[in-house]
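This report describes the architecture of one protein chain, from its overall make-up to selected residues. Please consult the sequence and structure shown below while reading.

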Amino acid sequence: MRGPLWSFGLFAVFLAVFPLVAPDPVVNVGVYALIYSLAAIGLSLLMGLAGQVNLGQAAFFAVGAYTQAVLVTRYEVPMVPASVGAVGMAMLVGLLVGLPLLRLRGHYLALATLGLGIIVTVAATESEYLGATSGIYGVPKPEFGGRRYDSAAEYFWLLAPVVLVALLLARNIVVGRIGRALGAINDSEVAAECLGADTYRLRLQVFVLSAGYAGLAGVAYVHWITVVNPGAANFPLSVEFLLMAVLGGTGSVWGAVLGAFTVEFLDEGLRDLIPQIVPDAVGEVQLIGFGIVLTVVILFLPGGIYGLFRRVSARVSARLSARASAPASDRPPGRPAPGDGTDRGAAAGSDTRSSDTPAGGSTVDTADLPPLLTRDGRPAPGEVLLEVDHLVRRFGGVTAVDDVSFEVRAGEIFGLIGPNGAGKTTCFNIVSGVLAPSSGSVRLHGARIDGRKPHVFARARATRTFQNLQIFRSTTVRGNVAVGRHLRGTAGLARGAMVLPARAEERAIHRSTDDFLSLVGLSGVADRPAADLPFGQQRLLEIARALALEPDLLLLDEPLAGLSGGERLDLARLLRRLRAGGMAIVLVEHDVEAVLALADRVAVLDDGRLIALAGPAEVRHDPAVVAAYLGIEEEQAAADPIARSVVQGE
Ligand SMILES: Nc1ncnc2c1ncn2[C@@H]1O[C@H](COP(=O)(O)OP(=O)(O)OP(=O)(O)O)[C@@H](O)[C@H]1O
């Protein structure tokens, strides 16, 4: 989807040369391909980035074309300011449609946009002002500097820079902060939200932008054919845009352009070919052949033409680099120990203010462990950060959380334990906004957050990891951590599209990802696809990604599960250093001994109810806890490696 910048240069050369070498009828098809590619780029952004399907892209195309035609012919507005108005109108309609619909899940947007196409077609047909079925005639060919762009070659050259710029802006959005967040949402909406990505807002922005691209295509269209009629909004054209995006490869801005050229030339070729095979073939019969070819291509090229190109080039470059690095390939990637403080991760902690105040009421001596990720403005250790008050959550007849109350203070590790099905994860889900409570409240930094979305939780400097891993599988290890930096960046759609203003921020994000990866010992695999990591490393990656948010409150759901012995010890040490830095950590963990060794206070849930809340020593001997767990033995504690390491102050 990203595509190197040199490919823009290559494409620019192609666009410059094409009208010189191609015969006029072919250039004419090329003009349509360029016009439609603008609408397809918008659709591709919407489908690939926002994961939404629009079956009425032609409606926005028609809104752009009609607005341009009205402004130019009825009000004599010059072409360029009129274009701004036309694109703005398409975006406004996109905003009005998207505002209610993007709140809904499922395929409502696709259905509603299908309806929008019909509404625009009928409205244009019935409106005398818009010329009814005949449409609006007499839109002039563009004229700049006394030159009229009325031949196919001239119009092609006029459009080429517009398409190039549109392509470049779309590409910048894809590779920047907004594209990264939307890609993460497609992989795991809940995880992206918990890192601060506001799904609704981001999808709405892309939908409006996509409508703007279609509006621009409408402007280019109406100045080429000099007339617009209700057919501009019809369903077959929307399907054609859809085919361009899918055939080229959804989510790839390059794919949209490839798709537009392929569909237009296929269309043209089939128009000539099919009458030779079926002599009386007209209109729709020709389209059957068109449909068959497309179906075959889609069946055998699920990633579209651009996907095929990427797969082939990835295979070739993998072979070349394997050949080049054959002698050194046996070396394992460098992998510093998690939280050992000797790599760049130490810098992430050491360049912030040092803290000499360990957790209030800590049972563990952390004086020997340098604090990590301290930050100015964080509540002082011991101050209440999270207040959970009489929380209840029912699922039908099951009360998963039953009147649970507790507080978590800055600078403490708070254990939340209980047998299977006790309600621990449900508690996490409510606190982090993934679920709304049936009753009760959650306050963070004193403000109520229950029932709000997870991105609100993240904005309040809190985040979480997941019992069932929620890795962003379509990106690299580093890409995952970069999403964790979403709220530490500010580049929106507009600034992200102009790559230069956002460049400094992107560089800073890139650099900081190394710091967070080194905290969990994953620097050596930073550029590997996240999906390729073994389970334990994926768990560590989720922790690094959560730390990238620099939270005041961190909820960890079974962080030790799947880790090797060494990794568990390293993670335990990392958590103690984070606590020393003033972070509050809530730990849900089945390894009870590890929790009792690490935590300052422990809450025990059983069957949704809070049966104990005290220091680890008291919890260990609490009769209700002992009954729930069928006994917690002292010998077990002595044998537990994390417990031993804590006692020894390692
Ligand atoms: N979405 C849901 N729909 C229906 N029941 C649910 C749902 N989520 C949780 N539950 C039920 O709520 C109860 C508590 O589940 P929860 O996952 O919170 O427990 P837990 O303590 O995290 O368990 P474990 O340690 O096994 O992960 C269980 O009985 C579970 O079946």
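Helices (H or I, at least four residues) and strands (E, at least two) are DSSP runs, numbered from the N terminus.

## Basis and overall make-up

This is a predicted model, in which local features need pLDDT of at least 70 and side-chain atom pairs count only at pLDDT 80 or more, while totals for chains, interfaces and linings use all residues. Residues are numbered from 1 along each chain as its sequence is written.

The chain contains 26 helices and 12 strands. Of its 650 residues, 51% are buried; a residue is buried if 20 or more other C-beta atoms lie within 10 Å of its own, exposed if 12 or fewer, and partly exposed in between, with C-beta atoms placed from the backbone. Two residues are in contact if their C-beta atoms, placed from the backbone, lie within 7 Å. Among contacts between residues at least 6 apart in sequence, 75% join residues at least 24 apart.

Helix H1 covers residues 6–21, and its 16 residues reach 23 Å from first to last C-alpha, close to the 22 Å expected at 1.5 Å a residue. The expected span of a helix is 1.5 Å times one less than its number of residues. H1 is hardly covered, with one buried residue among its 16.

Helix H9 (residues 199–225) is largely enclosed by the rest of the structure, because 23 of its 27 residues are buried. Its end C-alpha atoms are 39 Å apart, in agreement with the 39 Å that 27 residues should span at 1.5 Å a residue. H9 is followed by Thr226, whose phi is positive, near 65°.

Tyr213 is located in H9 and counts as buried because it has 31 C-beta neighbours inside 10 Å. Not counting residues up to four places away in sequence, Tyr213 touches Leu38, Ala39, Ile41, Gly42 and Ala166. Tyr213 and Ile41 are 172 residues apart along the chain, yet their C-alpha atoms are separated by 7.1 Å.

Ile35 belongs to helix H2 (residues 24–48) and is buried, with 27 C-beta neighbours inside 10 Å. Leaving out residues up to four places away in sequence, the contacts of Ile35 are Leu159, Ala217, Ala220, Tyr221 and Trp224. Ile35 and Leu195 are 160 residues apart in sequence and 38 Å apart in space, C-alpha to C-alpha.

Ile305 has its place in helix H13 (residues 304–324) and counts as partly exposed because it has 19 C-beta neighbours inside 10 Å. Apart from neighbours within four places in sequence, Ile305 is in contact with Leu247, Gly248, Gly249, Gly255, Leu258, Gly259 and Thr262. The C-alpha atoms of Ile305 and Arg393, 88 residues apart along the chain, are separated by 48 Å.

## Packing of H17 and H20

Helix H17 (residues 477–484) and helix H20 (residues 535–547) pack at an angle of about 35°, with their axes 7 Å apart. Axes are lines fitted to C-alpha atoms, for helices over the stretch in contact, and angles run from 0 to 180 degrees between N-to-C directions. The contact is formed by Val477, Asn480, Val481, Val483 and Gly484 of H17 and Leu541, Ala544, Arg545 and Ala546 of H20. These residues divide into six nonpolar, two polar and one charged.

## Positive phi angles

Most residues other than glycine have a negative phi. Asp403, found in strand S4, has a positive phi near 60°. With 14 C-beta neighbours inside 10 Å, Asp403 counts as partly exposed.

Glu550 also has a positive phi, of about 50°, although it is not a glycine. Glu550 lies in the loop between H20 and strand S9 (553–557) and counts as buried because it has 22 C-beta neighbours inside 10 Å.

How values were computed
Nonpolar A, V, L, I, M, F, W, Y, C, P; charged D, E, K, R; others polar.
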